[in-house]
Amino acid sequence: MSAKAILAAAHRSAIVPINLRGQTQVKTLQARLSEDILYHRSSSRFFRTEPGQYFLCELIADPDIPDKYKERFPARRRTRDLQGAWPLAFDEKFLENHLRKDADIPVDTLLRSVSTHNAFKYLEKHEKVGGDLPTVWTFSLVRRGKQLLSYRVGRYRDDREAFANKRSIGFPGAITESDFTLFSRDDFGIRENAMSVLMMDLDLTPKTFPADQFEAPEPIFAFECTGDNNVRSLLIVMLWSCPDWFEPTMRRLSLNDPTWLDAKVCPNNIDDFEPWSIGTWQRLLKTEAFVG
């Protein structure tokens, strides 16, 4: 069943919570199903039979259900592009009046102000990214004590000339309409986006950590930057503090040559890093709360 069909069946059975309202119910449900499959993998109660179609694991053994509905669909690993999604963009004039004049403005304050002034838009396919509407990305850092995780950008982003084969200290995620859900806490979904990116790229699940050792990523600052083809973006730098025992072991297409670096020292080979990492390093060394 699709998320829309599941929600319709739930309404017919009168089991939908009365506080679940609005036009994003289907989108929220589909996001939660996808996250459950991503985070819990083989222990999830659900799996996909095809894109956007879900099945209950507990019914696999039911002989009355045709086998064609029980075949798992292998989800393709997503790439770091904006195709097929409505990217979030902020108004350039608003950013100039707020972010540039107050570089130390807290990220949550900036996001609330953007929302209050309606200075954002989800771009449709025919609208050009960048320009007067810079797209918004999270850039998640992984910190272990006094170290930052660095890696070399892998093959599945080879089409991005500014990033290919370069080292990076962050895991980027494009903020899109799908991140804005009932649970996004008025932050356009940046925390959930950052966590989803880390879960995917580091091959993590909530069961990887004891409950008292897991902390969600938090924003530390935001700045404007340019990416591929000189497209301008607003980068929201997130910080995830992992336990001392954590060590990345998966060498996925996106994670090659993982290395821990001193968080307080800018690397000597800074030119070997991609542009967003260089801009982030420059600001990290000026952020007292981070380097102190």
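**Exercise 1. The salt bridge of R191 and D187**

Determine whether R191 and D187 are buried or exposed, and which contacts the side chain of R191 makes.

*Solution.* Step 1. Both R191 and D187 are buried, where buried means under 20% relative accessible area, exposed over 50%, and partly exposed in between (1.4 Å probe, protein chains only). R191 has a relative accessibility of 11% and therefore counts as buried.

Step 1. R191 is found in helix α5; helices (H or I, at least four residues) and strands (E, at least two) are DSSP runs, numbered from the N terminus.

Step 2. The closest N and O atoms of R191 and D187 are 2.9 Å apart, and the two residues form a salt bridge, that is, a side-chain nitrogen of Lys or Arg within 4 Å of a carboxyl oxygen of Asp or Glu.

Step 3. The side chain of R191 also makes a polar contact of 2.9 Å with the side chain of E218. A polar contact is a pair of N or O atoms within 3.5 Å; within protein, one must be able to donate a hydrogen and the other to accept it, and residues adjacent in sequence count only if both atoms are side-chain atoms.

The structure is a predicted model, in which local features need pLDDT of at least 70, side-chain atom pairs count only at pLDDT 80 or more, and totals for chains, interfaces and linings use all residues. Residues are numbered from 1 along each chain as its sequence is written, and side-chain values use heavy atoms, with hydrogens and water left out.

**Exercise 2. Further salt bridges**

State how many salt bridges a search of the whole structure finds, and describe the pairs D257 with R167 and R232 with E224.

Step 1. D257 counts as partly exposed because its relative accessibility is 37%, whereas R167, with a relative accessible area of 6%, is buried.

Step 2. The side chains of R232 and E224 meet in a salt bridge at 2.7 Å, N to O. R232 is partly exposed at 23% relative accessibility, while E224 is buried at a relative accessible area of 18%. Elsewhere, salt bridges that share partners join D108, D187, R191 and E218 into one network.

**Exercise 3. The buried faces of α4 and α1**

Identify which residues of helix α4 and of helix α1 are buried, and explain where they lie around each axis.

*Solution.* Step 1. In α4 (residues 107–116), the buried residues are V107, L110, L111, S113 and V114. They lie on the same side of α4 because they cover an arc of only 160 degrees around the axis, the arc being that of the directions from the helix axis to the C-beta atoms.

Step 1. These buried residues pack against several elements, among them α3 (92–98), α5 (190–201), β9 (218–226) and β10 (232–241). N118 follows α4 and has a positive phi, near 55 degrees.

Step 2. In α1 (residues 3–12), A3, L7 and A10 are buried. Their arc, seen down the axis, is 60 degrees, so they line one face of the helix.

Step 3. K4 and R12 are exposed on the other side of α1. Just after this helix, A14 takes a positive phi of about 60 degrees.

**Exercise 4. The chain and its confidence**

State what share of the chain is buried, and where confidence is lowest and highest.

*Solution.* Step 1. The chain has 7 helices and 11 strands, and 45% of its 292 residues count as buried.

Step 1. Contact means heavy atoms within 4.5 Å. Among contacts between residues at least 6 apart in sequence, 67% join residues at least 24 apart.

Step 2. The average pLDDT (the predictor's confidence in each residue, from 0 to 100) is 79 for the chain, and 74% of the residues score at least 70.

Step 3. Confidence is lowest in helix α7 (residues 288–291), with a mean of 59, and highest in strand β5 (residues 135–144), at 93. Over residues 76–83 pLDDT stays under 50, and the model has 22 contacts beyond four places in sequence for them.
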